Amino acid sequence: MLVLSRKPLQSIMIGPDIKITIVKVERNQVRIGIEAPRDVTILRDELIEASPTDSGSGSEQLDELQVLTS
């Protein structure tokens, strides 16, 4: 794992078309912005790790997220 230090409003690039920007740092919370092509799926880790018994199946949760990001 690569670990980088960034200050608010500084960015990192992943490849030529994915940009991650630190938007705000506040106590124990970091807000990030992600600019990526629409065909790139972006998910929070806890949604990937959620078991299918947690309020619906994992695929239903992914479908809902894809609708939100469209």
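I began with Val-40, which is partly exposed at a relative accessible area of 30% (buried means under 20%, exposed over 50%, and partly exposed in between, with a 1.4 Å probe and protein chains only). Val-40 lies in the loop between β3 and α1 (45–49).

I noted that this is a predicted model, in which local features need pLDDT of at least 70, side-chain atom pairs count only at pLDDT 80 or more, and totals for chains, interfaces and linings use all residues. Residues are numbered from 1 along each chain as its sequence is written, and side-chain values use heavy atoms, with hydrogens and water left out.

I then looked up the elements and found 2 helices and 3 strands, arranged along the sequence as β-β-β-α-α (helices are DSSP runs of H or I with at least four residues, strands runs of E with at least two, numbered from the N terminus).

For confidence, I read a chain average pLDDT of 81, with 71% of the residues scoring at least 70 (pLDDT is the predictor's confidence in each residue, from 0 to 100). Over residues 65–70 pLDDT stays under 50, and the model has 5 contacts beyond four places in sequence for them (contact means heavy atoms within 4.5 Å).

Turning to contacts between residues at least 6 apart in sequence, I found that 5% join residues at least 24 apart. Lastly, I looked up burial and found that buried residues make up 9% of the 70 residues in the chain.
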